[in-house]
Amino acid sequence: MKSARLVRNKKKILILGGGFAGVECARQLEKEFGNDPEIELVMVSEDNFLLFTPMLPQVASGMIETRHIVLPIRTVWKQTKFYESRIKNIDPYGKIVTLWGTGDKRGISIHYDFLVVALGSQTNFFGMADVEKNAYTMKTLNDAVMLRNRVIDMLEQAENETNPILRKSFLNFVVAGGGFAGIETAGELMDLLLDARKYYPTIHKEDLRVIVIEALPMILPGFNEKLAGFAKEKMTDRGIDIRLKTAITSFDGNEVTTKNLVQNPEDSVGEPITDVVRTKTLIWTAGVTPVNTIKRSMFKTEKGKVIVNDYLEVSDFPGVFAIGDCVLHIDPETQRPLPPTAQIAEAQAKIAAKNLISLIKNSKKEKFVYHSKGQMAIIGKRSGIATFLGMNISGFWAWLIWRNVYLSKITTFDKKTRVFLDWVIDLFFDRDISRLKIMKRETEKEYKLLDEVDDVW
Ligand SMILES: Cc1cc2nc3c(=O)[nH]c(=O)nc-3n(C[C@H](O)[C@H](O)[C@H](O)COP(=O)(O)OP(=O)(O)OC[C@H]3O[C@@H](n4cnc5c(N)ncnc54)[C@H](O)[C@@H]3O)c2cc1C
């Protein structure tokens, strides 16, 4: 009787999303409630691993092996029950989250007492259907593997192509977006191309072009002008063509059309200047937007992002917290939304976990105030930029700091060692240019819903 009552009284904390925010939140909650029989921790995420995105461009360039930048959630959070599934619907009134079924399994519903929404973001194509259809993206592990295969394929096709225009379009690579993802991808892409080139005797260094297209007047907007300027100069020296104040308007799979953005309309004479770049490969990193599950939800949103109070609780729903890329949080200093970064996602996760614990234990909650610990980006060829402990660092030392900091952030010794060995191996050996033909996207299917209890036959 006693145990039945215990089970009934158990409070369930459900975390949605196994990214930086969700995983950090689970870590904090396990520390507090890991051995508490009254609390049940549950996580749902589409993938059964945490993807270490800052190293994704290095997977695309073949420097790091695919599985080395993922951390299987089950191997680290052993007291959190994990469901690998896609979330279909969140009902904050009924306190139920519904999961999609798959071809092999029916969907289920999970009841919760407390909810943490950490569903991150997806690529934003700003309504350009042709770009969405034809461009490559850099958000998931699948994207990185696909891009690497594409680049190798383009080199293979160009090597034996006699039509000079077609050959040129094989060897032009356009990266849309001059943020973290775009710049790091462009730098790594150039490294891969220059490294792989030696196996393609007809392809010369000057045949290869990487073009970065950015709508803002600077790249890496989170950094100060001096560091961003250094990054631009270094990348330009390496042959990367960076076009600022330029927006992509279409991509049909053969041509990228761009429009020159003039900041002050009085400076412009007539229509904006348009240009066309012939390329078969556009890599789109120009923006993110919260996932559709959030946009479809009953939560109050602005530009798709969940509106939260100072304690990261979702308005109108006490006991529901939202953290990470899917949240709108205005920086009181700049009056602008905080950018989508892993650092902010983890900082929010710590405060949300703390406030959830306070809610359960009836203690005082804490406001979320963000203090940046500095920023870092690598730009290829063992160079980078960093603001670290109040200092501006650029070049080799910034690159070295980047490597040390991000290696230390990989939590398991196993993965840390594997990444470190990949980096060491890369110093001595050429990149592998074998092209793997893989991947098929799974489509969503709707199956009969089963209640969580019914599922246990
Ligand atoms: C290439 C690249 C490089 C980057 N470099 C840096 C960097 O150097 N520094 C930095 O601070 N930030 C960097 N970022 C940004 C950083 O990755 C994000 O800000 C961070 O991942 C946000 O964490 P999150 O937990 O909010 O979202 P995510 O890490 O995206 O996690 C969201 C989780 O929710 C899951 N999910 C989403 N929808 C569903 C659904 N319907 N059902 C089930 N599960 C779902 C996803 O599978 C995922 O596990 C980079 C991003 C990219 C793409």
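In the predicted model, the centres of domain 1 and domain 2, taken over C-alpha atoms, are separated by 34 Å. Domain 1 comprises residues 2-123 together with 289-371, whereas domain 2 spans residues 129-286. Contact between the two domains involves 13 residues of domain 1 and 17 residues of domain 2. On the side of domain 1 that touches domain 2, the elements contributing two or more residues are α3 and β10 (121-123). Of these elements, α3 provides the largest share of that side, with 5 residues. By class, the side of domain 1 that touches domain 2 consists of 7 nonpolar and 6 polar residues, and no charged residue is found there.

The ligand is surrounded by 34 residues. The closest of these are G17, G19, G120, G324 and T341. Both domains take part in the shell around the ligand, domain 1 and domain 2 each supplying at least three residues. Several secondary-structure elements give at least two residues each to this shell, namely the helices α2 (20-33), α3 (56-60), α8 (180-196) and α11 (342-361) and the strand β2 (39-45). In composition, the shell around the ligand holds 16 nonpolar, 12 polar and 6 charged residues.

The crossing of α2 past α11 is right-handed. On the α2 side, the contact is formed by F20, A21, E24, C25, Q28, L29 and E32. The α11 side of the contact is formed by A342, A345, E346, Q348, A349, K350, A352, A353, L356 and I357. The contact of α2 with α11 comprises 11 nonpolar residues, together with 2 polar and 4 charged ones.

Helix packing was also examined around α6. Helix α6 (residues 141-159) and helix α7 (residues 164-171) have axes 8 Å apart and pack at an angle of about 160°. Angles over 145 degrees count as roughly antiparallel, and α6 and α7 are therefore roughly antiparallel to each other. Their crossing is left-handed. Residues M154, Q157 and A158 of α6 meet R167, F170 and L171 of α7 in this contact. Sorted by class, the contact of α6 with α7 has 4 nonpolar residues, 1 polar residue and 1 charged residue.

The crossing of α6 and α8 is right-handed. From α6, residues V151, I152 and L155 take part in the contact, and from α8, residues L189, L192, L193 and A196. This contact consists of 7 nonpolar residues, with no polar and no charged residues.

Methods: Residues numbered from 1 in each chain as written. Predicted model: local features only at pLDDT ≥ 70, side-chain atom pairs only at ≥ 80, totals over all residues. Near = placed C-beta within 6 Å. Helix = DSSP H or I, 4+ residues; strand = E, 2+ residues; numbered from the N terminus. Nonpolar A, V, L, I, M, F, W, Y, C, P; charged D, E, K, R; others polar. Domains from an automatic or database assignment. Contact = placed C-beta atoms within 7 Å. Axes fitted to C-alpha atoms, helices over the stretch in contact; angles between N-to-C directions. Parallel < 35°, antiparallel > 145°, perpendicular 65-115°, else oblique. Left-handed = near helix turned anticlockwise from the far one by under 90°.
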